[in-house]
Amino acid sequence: MNKALLIVDVQNDFCEGGSLEVKNSLNIIPVINKLIDRFKKQSWPVIATKDWHPSNHRSFASVSGGKVGELGELNGLPQIWWPDHCVQGTKGAKLHPDLKSVDFVIHKGSNPEVDSYSGFFSASGEATTLEGLLKKQKIDTLYIAGLATDYCVKFTVLDALSLGYKVIVIKDGCQGVNLNPEDSQLAFSEMMEKGAIILSSTKIEI
Ligand code: VGL
Ligand code: ZN
């Protein structure tokens, strides 16, 4: 089995103090750093995704004229309006400085007209470079952690499962936005129902 660690969107804007801060997000960084060390020791690849929006991205309430946190529609698909976040080249789009270094970075969300929660495909089905990278590295098992449980982690995990990867989600390595208080719990249940294994980092034997 060839394993990779996939760290989803641990960027300044999603961390405490950022424009779309996820509560308690900083707690996951030491958990993920320990995993990074363990993967590097085994020479298994460590991959990070970055939400990477142009400043005129249509998921931004400021661009589309919606209200932050409310549900609207973008190109016929349901869309939550977000505060401006992870704008290409800004400090908010950088990986959090406390996160240890990664081997590969995958960008997503660069098309201003389409949102992309998943690290694999945008909402309209355009592929990122992630699947090609995993194929090249002959990866079949993904350990996934990051932000946010109820959006980018969930959609990345569901796409990974439908592409046939074995997926282990590191529960204490994820935090959710929780627009509704139970959203993260529902996301973990949905990922599990679709075949993901949800584990605490202390239970991972590598
Ligand atoms: C995300 C909302 C908007 C995420 C990205 O990384 O979970 N959430 N863009
Ligand atoms: Zn985004």
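A polar contact here is a pair of N or O atoms within 3.5 Å. Keep that cut-off in mind for the ligand. And a caution before we start: this is a predicted model.

Let's begin with His 85. An N or O atom in the His 85 side chain is 3.1 Å from a nitrogen atom of ligand 1. How much of ligand 1 does the protein bury? Taken alone, the ligand exposes 260 Å², and the protein buries 100% of that.

Where does ligand 1 sit? In the largest cavity. Now the shell. Around the ligand we find Asp 9, Phe 14, Asp 51, Trp 82 and His 85. By type, the shell divides into 7 nonpolar residues, 1 polar and 2 charged.

The peptide bond from Leu 147 to Ala 148 is cis, with omega near -10°. Ala 148 lies in the loop between strand S6, residues 141–147, and helix H4, residues 149–162.

Next, Asp 9. Asp 9 is not a glycine, but its phi is positive, near 50°. Asp 9 is in the loop that runs between strand S1, residues 3–8, and helix H1, residues 28–41.

S3 covers residues 71–74 and S4 covers residues 77–80. The two strands run antiparallel, joined by 4 bridges. Which residue of S4 is the bridge partner of Leu 71? Ile 80. Leu 74, in turn, stands opposite Leu 77 in S4. There are 2 residues between the strands, and in this hairpin Asn 75 takes a positive phi near 50°.

Terms used:
Residues numbered from 1 in each chain as written. Chains lettered and ligands numbered in written order. Predicted model: local features only at pLDDT ≥ 70, side-chain atom pairs only at ≥ 80, totals over all residues. Heavy atoms only, no water. Near = heavy atom within 4 Å. Polar contact = N/O pair within 3.5 Å; in protein donor to acceptor, adjacent residues only side chain to side chain. Areas by Shrake-Rupley, 256 points an atom, 1.4 Å probe, with all protein chains shown as cover. 1 Å grid on protein atoms, 1.4 Å probe; cavity = no way out; pocket = protein on both sides within 12 Å on 5 of 7 lines; lining within 4 Å. Sits in = over half its atoms within 2 Å of the grid points. Nonpolar A, V, L, I, M, F, W, Y, C, P; charged D, E, K, R; others polar. Pairing = 2+ DSSP bridges.
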